[in-house]
Amino acid sequence: ESTTVVVIGAGPAGLTVANLLRRCGVDCVVLERGSRAHVARRQRAGIVETRAVRMFESWGLADVVRGGPPHDGLLEFRIDGESRFVDDRDGSAGSGARLCPQQVLVENLTAAHLADGGDLRYEAADVSLHDLTGDRPTVRYRAADGTRHSISCDFVAGCDGEHGVTRTAVPEGVATVHTFDHGIGWLTVLADAPPPAHPLLAVSPEGFAAHFPRGPRSSRYYLQCPPDDDPGAWPDDRVWDALRTRLADPALVPGPITDRETFRLRGLVHEPMRHGQLFLVGDAAHILSPMGGKGMNLALHDADLFVRAVRDAVRGGDDTALRDYSRRCLRRVWSDQEFSHWLTRTVHEAGDDTDSGPFLRRLARARLDRLVTSPGARHAFAELMTGLDPAREE
Ligand code: APR
């Protein structure tokens, strides 16, 4: 069997690559380890930034970001109980960001790809990559019925997330992995409770908390907690008490909790994002602290650059963009890492109780004060939130 691109993983990165490839008439096969139901169940937040919304529009795929609650551009920062609103739009004409939970985007991309006749294979086990540095790499896997398959191709798109196999196919010594651990944990809670009017980020002496709309009658909440805290240490009453205190809202309406997890805030970048004919896309190459909502957007940006580069190579025999893929992706990756690091420190150095805590806390308050009062600071923030900073396009 043979194709042009084998895409490993059917998350936001893999499905975006697959949809865009079909739009430009390039063959591909998608191999996903999980079942369709498994992939659709994975719960994550998601703001699709302005740049990414317009990217989908430019490919004739505007509908894939529909289905989440609308985002009018306002974010609420509640600092020690005082509300300040920040506009995260840049004033340019055209569509703005969309609140689109990851599984809604994944479901829409899956449906669009299948409707378009795409080849999407679930429950593909033991995926392995061969001859990546030759002209025709091979991908082997075992199908759900136990049969073994081998696909030869021109390119492999490694879209299998943080714990996938493609990143490990890059030999030691070729790649460098840069990591940062904030030493901060988050409890994330999904509940059937009324959404806020605007995404709300609260900074308080008790720590960070956030409340995001998830649907017409559902919400996602975040609470800063010790790193590696056990979700079992957060019974319902403790969750709602902590939210009422940190959000400074004694009247917060609770609801049944449907999901509860903890994770650590950290950053990771795998450099370079290419090895031979293998191109890493999305979480396979980089992990971001969720502050700023850039993780999924970077995956969409990588996917767009990768597909345009493949199109140039396949149609016109021009591999300039392929050679530039890693450098161009990494430029935006590091810019977004910096943004997400800055925002993470700004909203968390609030309740720090180490020796330098009071100092850092005042620095963080000064940053927030600048953000809500200075037009220049607001503009820089909007530029990063929309993803439209023109300097980063090259
Ligand atoms: N073989 C085949 N598929 C695999 C393998 C494997 N060995 N390992 C992982 N996968 C699949 C997973 O089952 C998953 O469906 O690859 C997919 C990877 O999806 P994500 O982890 O969502 O990664 P990505 O598509 O890069 O998405 C990036 O979405 O997960 C969020 O926080 C993330 O916002 C970021 C964005």
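Which residues of strand β2 (residues 28-31) point one way, which point the other way, and are they buried or exposed?

Modeller: Two things first. This is a predicted model, so local features need pLDDT of at least 70 and side-chain atom pairs count only at pLDDT 80 or more, while totals for chains, interfaces and linings use all residues. Residues are numbered from 1 along each chain as its sequence is written.

Now your strand. Cys 28 and Val 30 point one way from β2, Val 29 and Leu 31 point the other way, and all are buried (20 or more other C-beta atoms within 10 Å of a residue's own, with C-beta atoms placed from the backbone; 12 or fewer would be exposed, and in between is partly exposed). In a regular strand the side chains alternate between the two faces of the sheet. Strands here are DSSP runs of E, at least two residues, and helices are runs of H or I, at least four, numbered from the N terminus.

Next, the neighbours. Strand β1 (residues 5-8) runs parallel to β2, and 4 bridges join them; two strands pair if DSSP finds at least two bridges between them. Val 6 has Val 29 in β2 as its bridge partner. To get from β1 to β2 the chain goes through α1, and this β-α-β crossover is right-handed, meaning that with the strands pointing away from the viewer, the path from the first strand over the helix to the second runs clockwise. β2 also runs parallel to strand β7 (residues 119-121), joined by 3 bridges. There, Leu 31 stands opposite Arg 121.

Val 17 takes us to the largest nonpolar core, which has 65 residues; Val 17, Ala 157, Val 281 and Phe 306 touch the most other members. A core here is a set of buried Ala, Val, Leu, Ile, Met, Phe, Trp, Tyr and Cys residues joined through C-beta atoms within 7 Å. Helix α6 (residues 295-316) gives the most to this core, with 10 residues. Val 281 touches residues including Val 17, Ala 157 and Phe 306, leaving out anything up to four places away in sequence; contact means C-beta atoms, placed from the backbone, within 7 Å.

Terms used: Two residues are in contact if their C-beta atoms, placed from the backbone, lie within 7 Å.
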